[in-house]
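Me: Can you walk me through this one? I'd like to take it piece by piece.

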Amino acid sequence: MKLKKQVTVCGGAIFCVAVFSLYLMLDRVQHDPARRQNGGGNFPRSQISVLQNRIEQLEQLLEENHQIISHIKDSVLELTDTGAVSPSGQLPFRSANGSWVLPFDGRPTFLSVKSQDCQFAQAHRDQTDLQMLDIYSLLKFDNVDGGVWKQGFEITYESGEWDSEPLQVFVVPHSHNDPGWVKTFDKYYTDQTQHIFNNMLVKLTEDPRRKFIWSEISYFAKWWESSDKHKQEAMRKLILGGQLEMVTGGWVMTDEANAHYFAMIDQLIEGHQWLEKNLGVIPRSGWAVDPFGHSATMPYLLKRANLTSMLIQRVHYSIKKHHAFSRSLEFMWRQAWDTESSTDIFCHMMPFYSYDVPHTCGPDPKICCQFDFKRLPGGRVNCPWKVPPRAVVDANVAERAHLLLDQYRKKSKLFRSKVLLVPLGDDFRFDKALEWDQQYLNYQKLFDYMNSHPEMHVQAQFGTLTDYFNAVYKATGVPQGSRPPDFPVLSGDFFAYADREDHYWSGYYTSRPFYKNLDRVIESHLRGAEILFSLAVAHARHSGMEGRYPTSDYTLLTEARRTVALFQHHDAITGTAKENVVVDYGNKLLRSLQGLKRVIINAAHFLVMKNKDVYRFYQTEPFLETDDRRATQDSLPQRTLIELDQSGPRYLVLFNPVEQDRLCVVTILVNSARIRVLTEDGQTLPVQLSAQWSSAIQMSAEVFQASFMARLPALGLAVFHLYDSADTPMTLRSETLLRMSDRGQTVHNVEPLSLRSQAADPLPFYISTQSLTLGFSGTTGLLESIRRKDSPQEVKVQIQFVTYGTRSSKDKSGAYLFLPDGKAKPYSQKGPPVVRVVEGPLFSEVVALYQHFQQTIRIHNVPGVDGLSLDVTTMVDIREQSNKELSMRLVTDIQSDDTFYTDLNGFQMQPRRHFLKLPLQANFYPMSCQAYIQDSQHRLTLHSAQALGVTSLESGQLEVILDRRLMQDDNRGLGQGLKDNKKTANRFRFLLERRSIGNKVVDSGPISFPSLLSHMTSAFLNHEVLALPVLPKKRGVPPLHTFAPLKTALPCDFHLLNLRSIQHQQDTNSPSSYTALILHRKALDCGLETINPGFNCTTTEGQLGVSSLFHNLDLQLLQPVSLSLMYSSPPLANDTSVSLEPMEISAFRLKLR
């Protein structure tokens, strides 16, 4: 009501001024002295022309008056129209302090978070037996020589220990096939992988006692689809007969440091759906022998996919030693946030250095290597310990069997059961028929000997991974997947990984950041395309138009799912493949991105049509353009230029991929400085016109940036009209100042934009919005401070750029390893930077242009989420550098001590501590989406749109490595350095939050959660609005309307992770009538001040009514399913509310039409 009164008074005042102006004008015309002198009506010609001028002036005043009244009318309309999706047409103005005050966004918004939804963060959790952060505090990390097991200790046993319960040994043959590394995926398949499958068919069939495990479904699907029916049937028989087991069953063995949980789930679904459709098999056990460190997210995802057990391998050697010494290598892995034990999954940690044969039979690699029969004399591979294997014959079988059994017994002493797992394999093993014979025949002789000698008290056989786990459960007397008595419970993760000495694998957290960023762009497009495609197909079915909609776009979705899944491989997103393999991944990603943009514009075309009867789809004549284009796989995107002309409007469709209404600034490129933007219902929006820069100091004369504020429906499409029209009071121009040291350089503005330049001085300067004031260094042009409008306190947040070199010794940094030459040095360049300061009503920004990077810090002058954080883009180009890593460091006065927080896969937060006892590189951790530091007053969060390595080396600091250029290999098998750097845009949001009064307690213990505002900030950053121009049509554009798919708003602690069309059972190129709805309920830290987010935000204690969720669609099935859609629960009544606990991810099979 107060707002309404203000507008009415303001409007009335403007109206009065306008009327009074008209009155004065009339009065002047009436009392003109020239007119009085010439009585009667006989005007001289000169007087008539004066009168004509006055009449023209009067007409102009009337026109301006009409415009003012029109603006008032728009404002009143905005207030009364509750369905408005955009800000009003009121004029922006500058307040007394110089900051712009924008037209209010007429829709009142409210925030209603129930106290029950805040309790999860404070809930009591029982302390787990093993908390990884505590173990880190406890260990010395001293790397003592352990003898034959160099990183461990001497293992002894008593000979009679197995008399009452014989040792059960499961030798599990495997072949680790990287879907791209030193060769491309296709080259590996052609050269090696296809031969592994073909030999497998023959060799496993020869003896039913032979077993094998396989994990990478990407390769298996390729072989299957190129094999005839006989081969397929033979392979199916081996699987169903238990000789071949599919372990994990993901499309790849995913990286766990850089991968986002959306993609981790998606690649799991892609593999599991393929297995279900083609083989009808359901994976039971997880197998992850090669990811470089292990995330706590993975056990959660496997548990929710209904796997019962899992195995991990690459864990810091000191951690392995600690777990081995306390016989804690097998444990129940529990989520740190779990208040009970519903997330527990049984996990086996391999104890030794590697997953190859020398490091899997027991503690002594010199002996174990003698039982890798591929290394028999005469072959290409030998044993580095100089004692080769010997073929097993009658004459030596006893000695060989006893030697091997000694290793088995020593290894078994590290575990709590008398069941032993012995993997047998390595990278791309078993590609030759000879190796199958060498391994299986020699081992079978050893097993036969052991099993026929009861005094050895051993039962040895080939087995699958699940055979092993089942034997453990049986031996310990518990059901599958349950916790055996006295086995410990562990929480936490296993980063950073070191395989020896101080060789920490913390470099790959940042390696090849260009592709880490591209990956996330494509993931956002994939999610958006899935949602729009599912909605478009459902609406087409609902209106009986399924035959006219291009459902064949499903093939593009499938291709993109598989490309994104492939890129989650632990040598792809990690940046640790050879250069030509990276190009191959890049080309696949670009092709998929283009396909996804097509899916999006085709779905948007159908959904925004007001009259579906006139909808026509032409493959060769798209209705919409894409928002941007990439010329090549390694080039940055170029935004689409919208060409305006006088002939009529251009139409723009904006897609909001976020599941909440969104109030934000949208920037487009246009060819004219004369632009007017209207909403669908004809309201004129304020536009900020800014320069497009062709160089550091040169404005483009052909292209302009137009920014406007839009309110967009959740997961919806909004329509805007763009006109090339004469100047309007609603088009406001940015003011640009260039701060330069070189006064000799001349700068020119491009009309109608202004441009000033001045000599840089050391005094700080500021930019402001209604929410934030930022201080910048006059010398560096970099951020110095942040002040929120509701706080008198200026918080120091200083950006510094620093560089790391690499060691001069033989071991140097490479794609995997970070081996710096000491502390970072300040970044320096010869001359001072050029600094561009742009100010305007909708956004203000500071651009600092340095030799190797360009940093843009922009703040948006809008209410809600978009206006409460700093939008930061750091364009990095270090191609001239050699053995350098560029890092951005935030230095603040937040008293964070040695604690900081990093996310795991965008799913959960993990507290970290900076340990002085560890080398610098050991204190870096992976950040997929965010990291923060905090004290009793503030929390500063660095939100990221790409995975990078992050640390806090001092109290109050947060540091992120932006790119690394390294000239040498780091001796981990790649054989190359990192020399293919690209010009890379690293995108961030900085969010400074204040703890609310009475909430001074800083998180302690193993859990921490972002605030609601922080969750939404991350969503805005990772799911950008897509601006899709409608292509001009000769026949004219048919009527379009906003598409708002949600009938009721989702609770604002819910994230719609995916709405994924499920493949048709018969026609693999088409969707079935079923859709998978995947929801994640976020956990909240409510102890930070909650600010109006700019949309209606309510929480519901985890309740959601799915039947009332979608507009104009009928829900015909609501069925809970496991995370990878393989297990189904009984369907629920369609009007049932589903319920999610905080942090939980739940999946449902829907039938919508």
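Me: What kind of model is it, to start with?
Reply: It is a predicted model.

Me: Ok. Which strands make up the open sheet, and in what order?
Reply: There are four, in the order β47-β48-β53-β51, and the pairing is antiparallel. The edges are β47 (1054-1063) and β51 (1115-1121), each of which pairs on one side only. On average, neighbouring strands of this sheet are turned by 25° against each other, ignoring direction.

Me: What packs on the sheet?
Reply: Helix α8, residues 261-278. The helix touches β47, β48 (1071-1081) and β53, and its direction makes about 25° with that of β47.

Me: And how many bridges join β51 to β53?
Reply: Six, with the two strands running antiparallel; β53 covers residues 1145-1152.

Me: Buried or exposed?
Reply: L1125 counts as buried because its relative accessible area is 2%, and the cut-off for buried is under 20%.

Me: What is L1125 in contact with, sequence neighbours aside?
Reply: Leaving out residues within four places in sequence, the contacts of L1125 are I269, Q273, E276, I1062, A1076, A1147 and R1149. I269, Q273 and E276 fall within the 261-278 range of α8. I1062 belongs to the β47 range, 1054-1063.

Me: I also had L434 marked. How many Å separate the C-alpha atoms of L1125 and L434?
Reply: The separation is 40 Å, for two residues that are 691 apart along the chain.

Me: Which strands does β5 pair with?
Reply: One is β13 (residues 458-462), in the parallel sense over five bridges. Another is β12 (residues 419-427), also parallel, with nine bridges.

Me: Which residues stand opposite each other there?
Reply: V171 is opposite F462 in β13, and H176 is opposite D427 in β12.

Me: Now the voids. How many cavities of 30 Å³ or more are there?
Reply: The count is 12.

Me: What lines the largest cavity?
Reply: There are 36 lining residues, and H260, Y261, G906, S1018 and K1082 lie nearest the centre. The elements that give two or more residues are α8, α15 (513-542), β39 (908-913), α18 (1012-1022) and β47. Of these, α18 gives the most, with six residues.

Me: Last one, Q131. Where is it found?
Reply: Q131 is in strand β4, residues 130-131.

Me: Is that side of things buried or exposed for Q131?
Reply: Buried: the relative accessible area of Q131 is 5%.

Me: And which residues is Q131 in contact with, leaving aside those within four places?
Reply: S491, G492 and P1006.

How values were computed: Residues are numbered from 1 along each chain as its sequence is written. This is a predicted model: local features need pLDDT of at least 70, side-chain atom pairs count only at pLDDT 80 or more; totals for chains, interfaces and linings use all residues. Side-chain values use heavy atoms; hydrogens and water are left out. Two strands pair if DSSP finds at least two bridges between them. Axes are lines fitted to C-alpha atoms, for helices over the stretch in contact, and angles run from 0 to 180 degrees between N-to-C directions. Contact means heavy atoms within 4.5 Å. Buried means under 20% relative accessible area, exposed over 50%, partly exposed in between (1.4 Å probe, protein chains only). On a 1 Å grid over the protein atoms alone, a cavity is a set of points where a 1.4 Å probe fits but cannot get out, and a pocket is an open set with protein on both sides within 12 Å along at least five of seven lines; lining residues have an atom within 4 Å of a point. Grid points are joined across faces, edges and corners, and a volume is the space filled by probe spheres set on the points.
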